[in-house]
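Open the model in your viewer and keep the sequence panel beside it. We will go from stop to stop, selecting a few residues each time.

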Amino acid sequence: MFVFAFLILAQSTSPFGSPVPQTINPSAPMTMTEVRFNECVDLAVDDPASGVVEANKWRIEGGGFLARHCLGFAYAEQFNWVAATRTFAEAAREAEVAKYPRVANFWAQAGNAALAGNEAQKALEYLNAALVQGSLIGLEKGEVHLDRARAHVALNDYEAAKKEFVMVHKLAPQDPLGWLLSATLARRMGDLVIAKADIAVAAKLAERDPAIALEAGNIAYAGGDAEQAKINWEKAVEIDAESRPAKAAQKYLAQLVATVAE
């Protein structure tokens, strides 16, 4: 028997780690400052180096916390998580003082960047600050609980993470990542009944996701069903052979063949 090394709940970059740029899209007409923020974020995504220059220029011109928040996105696009985390947190503090209505989103981005930088304890601090604002609802709130779950896993507090996933499934039931990660956690905790149920939901929501196929194989193997594990790992490779989940699946398939040959 071989030991699985691929830990899908571990911190990674996209799609599981890096902050997702969010432009402002309120129901009321945007101010010129908010229009500039959207333009700044678009630049930060398309050309991070130019985004850093533009955000700093805007800060000098008095762009305040929106300019600083844009700067955080530019750093995140460069995978400079230390700078991104610090900048997002500074923007959130300034926005909180200014009583900006989207301050919870700012704290959530700071927490997400901290996770990407492997600073789980700091991530929890910032994610808690997002929730305490009381303004997040639905999917946005669910995503904060998802990041909290990931932070607890990174800190090896599986029971706390399990409680967070209850909230994730309640608030964001259509998010396949939430079901994938809760399935992985259940497998780690030895609860294969929950693991199988959760990965089945994830597969229905995102049938062509190689990470879900990989985890389905992991769960099947953990339950002693090598044949079903093989089918799911082969599916992960078929979906996207160059993806990281597929490469892990290829390794497991090779190990499975070697095990059978012994």
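In which helix does Glu164 lie? Select Glu164: it lies in helix α8. Helices here are DSSP runs of H or I of at least four residues, and strands are runs of E of at least two, numbered from the N terminus.

Before going on, note that this is a predicted model, in which local features need pLDDT of at least 70, side-chain atom pairs count only at pLDDT 80 or more, and totals for chains, interfaces and linings use all residues. Residues are numbered from 1 along each chain as its sequence is written, and side-chain values use heavy atoms, with hydrogens and water left out.

**Stop 1: around Glu164**

Stay on Glu164. Its relative accessible area is 8%, so Glu164 is buried. Buried means under 20% relative accessible area, exposed means over 50%, and partly exposed lies in between (1.4 Å probe, protein chains only).

Now show the neighbours. Leaving out residues up to four places away in sequence, Glu164 touches His145, Arg148, Ala149 and His152. Contact means heavy atoms within 4.5 Å. Draw a distance from Glu164 to His145: a polar contact of 2.6 Å joins their side chains. A polar contact is a pair of N or O atoms within 3.5 Å; within protein, one must be able to donate a hydrogen and the other to accept it, and residues adjacent in sequence count only if both atoms are side-chain atoms.

**Stop 2: helix α9**

Select residues 176-188, which form helix α9. Its 13 residues should span 18 Å at 1.5 Å a residue, and the end C-alpha atoms are 19 Å apart, which agrees. The expected span is 1.5 Å times one less than the number of residues.

How many of the 13 residues of α9 are buried? Eleven are, and the helix is mostly covered. Among them are Leu177, Trp179, Leu181 and Arg187. Which helices do they pack against? Show α7 (138-154), α8 (158-171), α10 (192-205) and α11 (210-222): the buried residues of α9 pack against these.

Check both ends. At the start of α9, a side-chain oxygen of Asp175 comes to within 3.0 Å of the backbone nitrogen of Leu177. After the helix comes Gly190, with a positive phi near 85°.

**Stop 3: salt bridges**

Side chains of opposite charge can pair when their charged atoms come close. A salt bridge is a side-chain nitrogen of Lys or Arg within 4 Å of a carboxyl oxygen of Asp or Glu. The structure holds twelve.

Start with Glu61 and Arg36, whose closest N and O atoms are 2.9 Å apart in a salt bridge. Glu61 sits in the loop between α2 (48-60) and α3 (64-77) and Arg36 in helix α1 (residues 32-46), so the pair ties together parts 25 residues apart in sequence. Glu61 is partly exposed at 44% relative accessibility. Arg36 is also partly exposed, at 23%.

Lys57 is partly exposed, with a relative accessible area of 43%.

Return to α9 and pick Arg187 with Glu215. Here the closest N and O atoms of the salt bridge are 2.6 Å apart. Glu215 lies in helix α11 and Arg187 in helix α9, so this pair ties together parts 28 residues apart in sequence. Are these two buried or exposed? Both Glu215 and Arg187 are buried.

Finally, select Arg36, Glu54, Lys57 and Glu61 together: salt bridges that share partners join them into one network.

**Stop 4: the disulfide**

Select Cys40 and Cys70. A disulfide joins them, S to S 2.0 Å. The term means a pair of cysteine sulfur atoms within 2.5 Å. The structure holds one. The pair links distant parts of the chain, with Cys40 in helix α1 and Cys70 in helix α3, 30 residues apart. The link is left-handed, with -90° about the S-S bond. Both cysteines are buried.

**Stop 5**

End on α5. 14 of its 14 residues are buried, so α5 is largely enclosed by the rest of the structure. Asn118 follows the helix, and its phi is positive, near 65°.
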